[in-house]
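Subject: Structure handover

Hello,

Here is the structure for your files. My notes on what was found in it follow below.

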Amino acid sequence: MSENNDKKIVTRFAPSPTGFMHIGTMRTALFAYLWARKNNGTFILRIEDTDKEREVAGAIEHIQESLKWLGLEWDFGPDKNGPFGSCIQSQRLSIYKEYADKLVQKGLAYGDPYTKEETEAFRAQADAEKRPFLFRNHRPEKFENWDGTRPLRLKVSEIKRYKWHDVVRGDLEAGEEALDDFVIIKSDGFPTYNFAHIIDDHLMGVTHIMRGDEFISSTPKFLSLYDALEIPYPIFATLPPILRDDKTKKLSKRDGAKDILDYREDGFLPQAMINFLALTGWNPGTPQEFFTKEELIKTFELTKIQKAGALFNETKLLWLNHEHIKLIPKDKLLEIFKGIITSYNGTVISDEALGKMMPVLLERVQKFGDLKEMLSNGEIEYFFAKPTYKKEGLVWKDESGFENTKQYLTKALNAFEKIALNDWNAEALKNSIWDYATEKGRGAVLWPIRYALTGKEKSPDSFIVGSIIGKIETVERLKYAISLL
RNA sequence: GGCCUUAUCGUCUAACGGUUAGGACGGAAGCUUCUCAAGCUUCAAAUCCGGGUUCGAUUCCCGGUAAGGUCACCA
């Protein structure tokens with residue numbers, strides 16, 4: 001890269017506003033962003049809205065929101081023009097027209113003389129003969145004046161094998177079949193992606209183009225256009241595809257490709273998302289897997305981008321998200337959890353009680369959505385309300401019996417009642433009954449206590465629960481359990 | 001069908017042509033334990049196949065195979 005030391009690095013993320021942003025697109029955005037930031041360069045968000053038909057209302061806002069969520073701030077975008085003007089292609093039509101006219105004048109572009117049906121017939125014929133369709137085989141002998149109502153096509157002047165370099169894939173090449181007279185201006189006057197992106201990249205000073213491998217096949221076309229326009233080639237970085245893991249997908253309740261913002265909805269952290277996205281298709285070359293955004297910017301290298309495609313492994317994302325959650329400062333995390341609990345059903349919980357619950361919750365909550373789920377399926381309702389259960393549940397296996405169980409619970413009640421309010425904590429609770437439990441059988445003694453307090457067969461440690469719900473509540477619940485027996 | 005790209009544990013991946021092919025997630029087992037969860041320890045798990053070059057190939061070359069892409073007035 002030494003030859004670029006004197007040149008400002010500029011990258012862009014150039015989505016079309018045709019819907020939501022999914023994992024793969026955002027990964028492309030992330031890599032472009034990281035490379036720009038690492039080099040103190042410029043990151044441009046360009047909206048490629050040259051297809052009126054496919055455009056989805058609100059998509060531009062949605063794209064921006066997705067990027068903002070992940071913290072990928074852009075230097076120029078739909079909301080901020082650059083020195084080159086607008087970042088929205090539909091507002092740059094005159095520029096494309098100007099370049100198109102130049103090509104026409106040089107005899108390097110011509111109006112497509114055929115109707116859609118005629119072109120379709122050519123294509124069908126090629127299909128039937130199992131040949132790739134090449135428009136240039138039907139190129140007219142003489143070019144009529146282009147009146148702007150027909151598609152304008154680039155005339156590929158030199159049919160040859162193109163070879164080029166890609167920072168990720170190395171030396172690439174493609175045969176003559178990949179080269180064709182493609183449409184650069186559509187009959188509606190809008191440029192095609194193939195045309196507009198090259199002019200914009202040039203005018204915006206884009207140095208590195210990161211994109212998916214679906215563009216490898218069309219690169220010869222791009223190169224022929226760079227040549228026709230006498231524009232130097234940028235640096236290409238082809239990113240590996242992210243494939244869907246169908247097996248995992250079936251197990252998920254959700255369907256299809258996910259909007260990246262769905263992950264926000266599920267309670268994933270943007271920093272975890274970024275971390276994970278970076279790690280699919282790239283690695284630092286060291287065992288480090290946990291990264292902050294700043295660390296990613298510092299560590300990111302184009303040469304470490306993977307060639308092969310990867311499956312999106314949501315299980316590992318969960319793990320990573322959990323790791324990121326664990327690093328959130330305690331007071332901030334408390335606020336977040338409090339917000340979730342309050343917004344769930346208006347439950348008001350004291351900071352003190354929640355503070356005690358935090359370690360228990362933190363172990364179980366891999367994403368914030370898990371907490372909502374725990375609340376809604378009643379998994380942790382005993383923290384907020386008295387549990388309901390049948391007395392049979394209080395008995396540890398079959399051998400204990402109601403009488404013994406009653407005796408154990410009474411012993412525990414007495415022991416707990418002796419603990420002063422000031423000393424009421426999990427450790428004290430445990431110590432007060434531990435020896436007795438060891439003597440009588442821990443299962444037989446401790447199971448009923450936990451069940452009395454939670455009404456659950458699975459729950460956190462009884463002493464922790466007791467310490468959280470408090471002495472009064474603990475005593476009440478034990479008394480109630482004893483009364484059943 | 002043509003053209004292009006890719007190929008290491010189930011998954012993400014590491015390995016100047018020389019490693020017992022390493023790590024992480026997930027899985028299993030054990031410890032701990034009243035049940036979960038967490039934690040700790042241990043284990044299983046891979047170089048797509050076939051040739052070649054080489055003293056030696058996961059690595060380089062060729063051929064298969066498989067997967068993905070592309071052959072739009074979509075990007």
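Strand S9 (residues 235-239) is mostly covered, with four of its five residues buried. Strands, like helices, are DSSP runs numbered from the N terminus (strands E, at least two residues; helices H or I, at least four).

On provenance: this is a predicted model, in which local features need pLDDT of at least 70 and side-chain atom pairs count only at pLDDT 80 or more, while totals for chains, interfaces and linings use all residues. Residues are numbered from 1 along each chain as its sequence is written, and chains are lettered from A and ligands numbered from 1 in the order in which they are written.

Strand pairing

S9 pairs with strand S8 (residues 208-212) in the parallel sense over five bridges; a pair requires at least two DSSP bridges between the strands. Arg211 stands opposite Thr238 in S9.

There is also an open sheet of three strands, in the order S3-S4-S7, with antiparallel pairing. Strand S3 (109-111) and strand S7 (183-185) are at the edges with a single partner strand each, so one side of each has no neighbour in the sheet. From one strand to the next the twist averages 40° (axes are lines fitted to C-alpha atoms, and angles run from 0 to 180 degrees between N-to-C directions). Three antiparallel bridges join S3 to strand S4 (residues 152-154), and Gly111 has Leu152 in S4 as its bridge partner.

Nonpolar cores

A core is a set of buried Ala, Val, Leu, Ile, Met, Phe, Trp, Tyr and Cys residues joined through C-beta atoms within 7 Å. The largest has 61 residues, of which Leu30, Ala32 and Met273 touch the most other members. Helix H1 (residues 23-38) gives the most to this core, 10 residues. Another core, of 28 residues, lies apart from it and includes Met357 and Leu446.

RNA strand B

RNA strand B is surrounded by 63 residues, the closest being Glu48, Tyr193, Glu214, Ala308 and Arg442; near means a C-beta atom, placed from the backbone, within 6 Å. Helix H17 (442-454) is one of the elements that supply at least two residues of this surface, and H17 has the largest share, five residues.

Regards

Note on methods: Buried ≥ 20, exposed ≤ 12 C-beta atoms within 10 Å, placed from the backbone.
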